[in-house]
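Here is a brief report on one model. It covers a surface patch, a helix position and the salt bridges.

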Amino acid sequence: MAADYIDVVDGQLDTEAQELLAGQQQLIHDRFQTAESASIKVQWAAGKGLDCGAAETGHRHYLHMMCCALRKALVGSLRAAMAEEEVRDACVAEVQRHMHFAMQRASVFLQSDQTADVVFRIKSYIASHASGRALLLTGKSGAGKTTLLARIAHDAATEAAQQGRVCVARFVGASSDAMSVHALLHGMCEQLLRAYRKPDPIPRAFPDLVLFFKRAVTAWPS
């Protein structure tokens, strides 16, 4: 049996290890024991542990039951998550995903003299309301561009909420709806549409969507 394998230190039973093991076993039992769960005792094959050979039908049955139970649990968990996601407001959920991403990245941002200058320049750009001008932040891979912008987005969102303004933040690749330019732009347009309480329908064609977004960020705030 697997239980026959015990920890030994200097020829003596390692009682501390046995107590820790017993605690872990009880923890697993308490956390995962349900009406559908079951404990199965399996006799180990000498020198082989679990053996799915022709002679070990009990082992094959155990593994089959374990795989079926695991599949059932995973499918149930995925279906529950999908059902919860369908109930949630898609637009609100998307905004939350990106703000959560910004908060996580911003929490590990380390300020330095060099980053302080960049942060100042970016915040000055945001405060200037430079219509039609894009700000491009460049740097080597791993230099911390995303983390720095996450810090900016987090601060901007906090200030916008306090001052009754609108902050739209998206990070490419941070969600499934941020994988393509079309979906990304559509999501931002929908957020702006709700924020400014506009009745305008969002166009489907990409060229029209670009014009719609431009109007949303230039004309609506005023």
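Val8 sits in strand E1, residues 8-9. The model is predicted. Val8 is partly exposed, at 49% relative accessible area. Together with Ile6 and Leu13, Val8 makes a nonpolar surface patch of about 260 Å².

Leu21 belongs to helix H1, residues 15-32. Its relative accessible area is 39%, so Leu21 counts as partly exposed. The C-alpha atoms of Leu21 and Ile6 are 9.9 Å apart. Along the chain, these two residues are separated by 15 residues.

## Salt bridges across the chain

The whole structure holds seven salt bridges. One of them joins the side chains of Arg194 and Asp89, at 2.8 Å from N to O. This pair links distant parts of the chain, 105 residues apart. Arg194 lies in helix H6 (residues 181-195), and Asp89 in the loop between helix H2 (57-87) and helix H3 (90-106). Arg194 is partly exposed at 41%. Asp89 is partly exposed at 34%.

Asp200 forms a salt bridge with Arg215, with the closest N and O atoms 3.2 Å apart. Asp200 is in the loop between H6 and helix H7 (206-218), and Arg215 is in helix H7, so the pair ties together parts 15 residues apart in sequence. Arg215 is partly exposed, at 36% relative accessibility. Shared partners also join Asp89, Glu190 and Arg194 into one salt-bridge network.

## A pair within helix H4

Arg121 and Asp117 form a salt bridge, their closest N and O atoms being 3.1 Å apart. Both lie in helix H4 (residues 113-128); they are four residues apart, so about one helical turn separates them. Arg121 is exposed at 57%, whereas Asp117 is partly exposed at 39%.

Conventions: Residues numbered from 1 in each chain as written. Predicted model: local features only at pLDDT ≥ 70, side-chain atom pairs only at ≥ 80, totals over all residues. Heavy atoms only, no water. Helix = DSSP H or I, 4+ residues; strand = E, 2+ residues; numbered from the N terminus. Buried < 20%, exposed > 50% of the residue type's maximum accessible area, 1.4 Å probe, protein only. Patch = residues over 30% accessible without salt bridge, like charges linked within 9 Å, V, L, I, M, F, W, Y side chains within 5 Å. Areas by Shrake-Rupley, 256 points an atom, 1.4 Å probe, with all protein chains shown as cover. Salt bridge = Lys/Arg side-chain N within 4 Å of Asp/Glu carboxyl O.
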